[in-house]
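Hi there,

Here is the structure I promised to hand over. My notes on it follow just below.

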Amino acid sequence: MPSIRTFIAIPCPIEVQERLAKFGEEIAEVNPKARLISPFNYHITLAYIGETDTSRVNEIKDLLSFKWEAESFWEINRLGAFSTHKIVYAAGPFSPAIEALGEKVRRLLRQNGFSFDDKPLRPHISLARKASVVPEISFEPIYMSIEKPELFQSGIKINNKLTYIKL
């Protein structure tokens with residue numbers, strides 16, 4: 001059976017994409033070889049599934065059909081870097097809503113026999129790859145609504161740029 005690379009994530013609303021994208025110039029300035037991530041790809045990963053048999057995609061989408069009405073927001077108030085992975089990201093304080101949503105998604109995947117990367121959840125929004133220096137930027141907090149998670153396909157290149165497709 002053919003397979004695709006998938007992950008489950010909270011999509012980033014357009015107004016947050018626009019605010020975070022403004023940091024790109026400063027990131028590139030201190031990381032000349034950085035590859036900025038398209039704002040359209042901004043998200044918070046809850047579970048990276050990886051190679052997924054295409055015949056099971058609808059099963060995963062059905063798992064995500066649960067009701068999510070929580071009106072919660074995540075405060076994005078800092079930039080950071082995973083120097084080992086050379087990624088600059090935006091993040092904020094611990095969020096009980098993101099934690100609960102991540103646990104729910106991971107529990108549903110486990111109960112239905114799906115494998116995924118079970119590393120601890122570290123909510124962040126990746127802004128650049130091949131970058132490990134965080135520019136000194138102070139900014140007013142950005143409040144992101146915690147939306148219902150979606151299934152995405154990764155590994156797709158459109159116009160030679162990595163693009164995540166909502167399935």
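Let me start with the charged side chains. R56 is partly exposed, at 27% relative accessibility (buried means under 20% relative accessible area, exposed over 50%, partly exposed in between, with a 1.4 Å probe and protein chains only). Its salt-bridge partner is E59, with the closest N and O atoms 3.0 Å apart (a salt bridge being a side-chain nitrogen of Lys or Arg within 4 Å of a carboxyl oxygen of Asp or Glu). E59 is partly exposed as well, at 32%.

Before going on, a word on the source: this is a predicted model, where local features need pLDDT of at least 70 and side-chain atom pairs count only at pLDDT 80 or more, while totals for chains, interfaces and linings use all residues. Residues are numbered from 1 along each chain as its sequence is written, and side-chain values use heavy atoms, with hydrogens and water left out.

The count by the salt-bridge rule comes to 5. One of them joins D118 and R106 at 3.5 Å, N to O. Because D118 sits in the loop between α4 (96–111) and β7 while R106 is in helix α4, this pair ties together parts that are 12 residues apart in sequence (helices, H or I of at least four residues, and strands, E of at least two, are DSSP runs numbered from the N terminus). R106 is buried at 7% relative accessibility, whereas D118 is partly exposed at 47%. D118 also forms a salt bridge with R110, at 3.2 Å between the closest N and O atoms.

Strands β6 (residues 87–91) and β7 (residues 125–129) share 4 bridges, and I87 has R129 as its bridge partner in β7.

Helix α1 (residues 14–21) has V16, Q17 and L20 as its buried residues. They lie on the same side of α1, because they cover an arc of only 105° around the axis (taken from the directions from the helix axis to the C-beta atoms). The face turned away from that side carries the exposed I14 and E15.

Finally, T163 in strand β10 (residues 161–166) is buried, at 12% relative accessible area.

Enjoy exploring!

Notes
Two strands pair if DSSP finds at least two bridges between them.
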